[in-house]
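Biologist: Thanks for sitting down with me over this one. Could you take me through its side-chain links, one at a time?

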Amino acid sequence: QVQLVESGGGLVQPGGSLRLSCAASGNIFSLNAMAWYRQAPGPGKQRELVASITSDGSTGYLDSVKGRFTISRDNAKNTVYLQMSSLKPEDTAVYYCNVDSAVYYTGSHYYSGSDYWGQGTQVTVSS
């Protein structure tokens with residue numbers, strides 16, 4: 001199977017920057033689209049898609065983060081990154097990494113799976 005582990009979250013002042021990383025592990029043959037979601041604190045807050053990147057590098061962003069966040073991936077390392085700049089208090093959330101589908105192997109057998117999630121990393125923007 002495929003496991004995702006995020007890192008890089010923390011406390012930052014408004015206007016600051018953070019870089020999140022998400023490393024996929026397991027006997028991975030290929031990863032399809034990768035993405036970052038976030039879920040802000042409070043009742044009724046739903047998880048929202050922040051940024052996504054396809055296997056060939058095409059990207060998409062939530063309107064509120066365009067020009068401030070950059071998603072990238074290193075296919076050799078099975079890792080996706082989210083560079084966040086000009087952070088605002090409203091960016092405070094738990095950030096989750098997602099892989100929409102993957103091919104992995106066990107011995108000489110190949111399998112496909114879908115919708116993998118990391119455990120989340122907290123980002124807090126506050127003075």
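Modeller: Gladly, and please keep in mind that this is a predicted model. Let's begin with Arg38, which forms a salt bridge with Glu48. Arg38 is in strand S5 and Glu48 in strand S6, 10 residues apart. The closest N and O atoms of Arg38 and Glu48 are separated by 2.7 Å.

Biologist: Is Arg38 buried or exposed?

Modeller: Buried means under 20% relative accessible area. Arg38 has a relative accessibility of 6%, so Arg38 counts as buried.

Biologist: And how does Glu48 count at 31% relative accessibility?

Modeller: The class between the buried limit of 20% and the exposed limit of 50% is called partly exposed. Because Glu48 has a relative accessibility of 31%, Glu48 counts as partly exposed.

Biologist: Which side chain does Asp91 meet in a salt bridge at 3.0 Å, N to O?

Modeller: Asp91 sits in the loop between strand S9 (79-84) and S10, and its partner lies in strand S5, so the pair ties together parts that are 53 residues apart in sequence. Both residues of this pair are buried. The partner of Asp91 at 3.0 Å is Arg38.

Biologist: What is the N to O distance between Asp91 and Arg68?

Modeller: Arg68 lies in the loop between strand S7 (59-61) and S8, so its link to Asp91 ties together parts that are 23 residues apart in sequence. Asp91 and Arg68 are both buried. Their side chains meet in a salt bridge, N to O, at 2.7 Å.

Biologist: Which residues do salt bridges that share partners join into one network?

Modeller: Arg38 has a salt bridge with Glu48, and Arg38 also meets Asp91. Asp91 in turn meets Arg68. The network therefore consists of Arg38, Glu48, Arg68 and Asp91.

Biologist: Now to Arg73: which side chain of opposite charge is nearest to it?

Modeller: Arg73 lies in strand S8 (residues 69-74). Arg73 is buried yet has no salt bridge.

Biologist: Which backbone oxygen lies 2.9 Å from a polar atom of the side chain of Arg73?

Modeller: The Arg73 side chain reaches the backbone oxygen of Ile53 at 3.3 Å. The backbone oxygen at 2.9 Å belongs to Asn32.

Biologist: Turning to the cysteines, how far apart are the sulfur atoms of Cys22 and Cys97?

Modeller: Cys22 is in strand S3 (residues 18-25) and Cys97 in strand S10 (residues 93-106), 75 residues apart. Both cysteines are buried. Their link is left-handed, with -80° about the S-S bond. The sulfur atoms of this disulfide are apart by 2.1 Å.

Biologist: What kind of aromatic pair do Tyr104 and Tyr111 form?

Modeller: The structure holds 4 aromatic pairs. For Tyr104 and Tyr111, the distance is 5.7 Å centre to centre, with 25° between the planes. Planes under 30 degrees apart meet the cut-off, so this pair is stacked.

Biologist: Last one: is Pro41 buried or exposed?

Modeller: Pro41 is found in the loop between strand S5 (34-39) and strand S6 (48-53). Leaving aside neighbours within four places in sequence, Pro41 is in contact with Thr92 and Ala93. Its relative accessible area is 57%, so Pro41 is exposed.

How values were computed
Residues numbered from 1 in each chain as written. Predicted model: local features only at pLDDT ≥ 70, side-chain atom pairs only at ≥ 80, totals over all residues. Heavy atoms only, no water. Helix = DSSP H or I, 4+ residues; strand = E, 2+ residues; numbered from the N terminus. Buried < 20%, exposed > 50% of the residue type's maximum accessible area, 1.4 Å probe, protein only. Lys, Arg positive; Asp, Glu negative; His and termini not counted. Salt bridge = Lys/Arg side-chain N within 4 Å of Asp/Glu carboxyl O. Polar contact = N/O pair within 3.5 Å; in protein donor to acceptor, adjacent residues only side chain to side chain. Disulfide = S-S within 2.5 Å. Contact = heavy atoms within 4.5 Å. Phe/Tyr/Trp six-rings, centres within 6.5 Å; stacked < 30°, edge-to-face > 60°.
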